[in-house]
Amino acid sequence: MNIATHIKINNIIPIIEINNEEVAPETPIANFGIYDVQLTDKSPLCGISMVEAKIPEKYSSMVIAIERNGEYLDQLNTIIFQPGDKVHFVGPKDIIHSLA
């Protein structure tokens with residue numbers, strides 16, 4: 001699987017269009033970017049799948065990659081989040097960092 005680097009991913013940010021009706025009103029658009037966090041055992045994501053987590057709806061964010069034990073995982077929608085996973089997101093910085 002070919003995973004894009006942060007530099008390549010940063011090049012797509014100007015292309016991403018944010019529909020104000022889809023973004024929660026309290027989410028500042030200027031705060032959007034590409035961020036990664038390492039999940040702890042206290043993360044609200046641990047123990048559930050990406051589908052169950054409803055990340056776009058609940059956190060106005062999108063997962064772009066999950067790294068576990070130094071390797072990027074395939075079939076992200078079937079992965080169960082675990083403590084130690086490094087998750088790469090596009091979304092609001094403050095919300096993403098609260099998911100660690």
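Which residue in β4 does phenylalanine 32 stand opposite? It's proline 92. This is a predicted model, where local features need pLDDT of at least 70, side-chain atom pairs count only at pLDDT 80 or more, and totals for chains, interfaces and linings use all residues. Residues are numbered from 1 along each chain as its sequence is written, and side-chain values use heavy atoms, leaving out hydrogens and water.

**Confidence**
- Average pLDDT (the predictor's confidence in each residue, from 0 to 100) is 81 for the protein chain, and 70% of the residues score at least 70.
- Residues 17-21 stay under 50, and the model gives them 4 contacts (heavy atoms within 4.5 Å) beyond four places in sequence.

**Layout**
- There are 4 helices and 4 strands, taken as DSSP runs (H or I, at least four residues, for helices; E, at least two, for strands) and numbered from the N terminus.
- From the N terminus on, the order is α-β-α-α-β-β-β-α.
- Of the contacts between residues at least 6 apart in sequence, 69% join residues at least 24 apart.

**Strand β4**
- Strand β1 (residues 32-38) pairs with β4 in the antiparallel sense over 7 bridges; pairing takes at least two DSSP bridges between two strands.
- Strand β2 (residues 62-68) also runs antiparallel to β4, joined by 5 bridges, and glutamate 67 has lysine 86 as its bridge partner there.
- β4 (residues 86-92) has 6 of its 7 residues buried, so the rest of the structure largely encloses it; buried means under 20% relative accessible area, with a 1.4 Å probe and protein chains only.

**Burial overall**
- Buried residues make up 37% of the 100 in the protein chain.

Notes: Buried means under 20% relative accessible area, exposed over 50%, partly exposed in between (1.4 Å probe, protein chains only).
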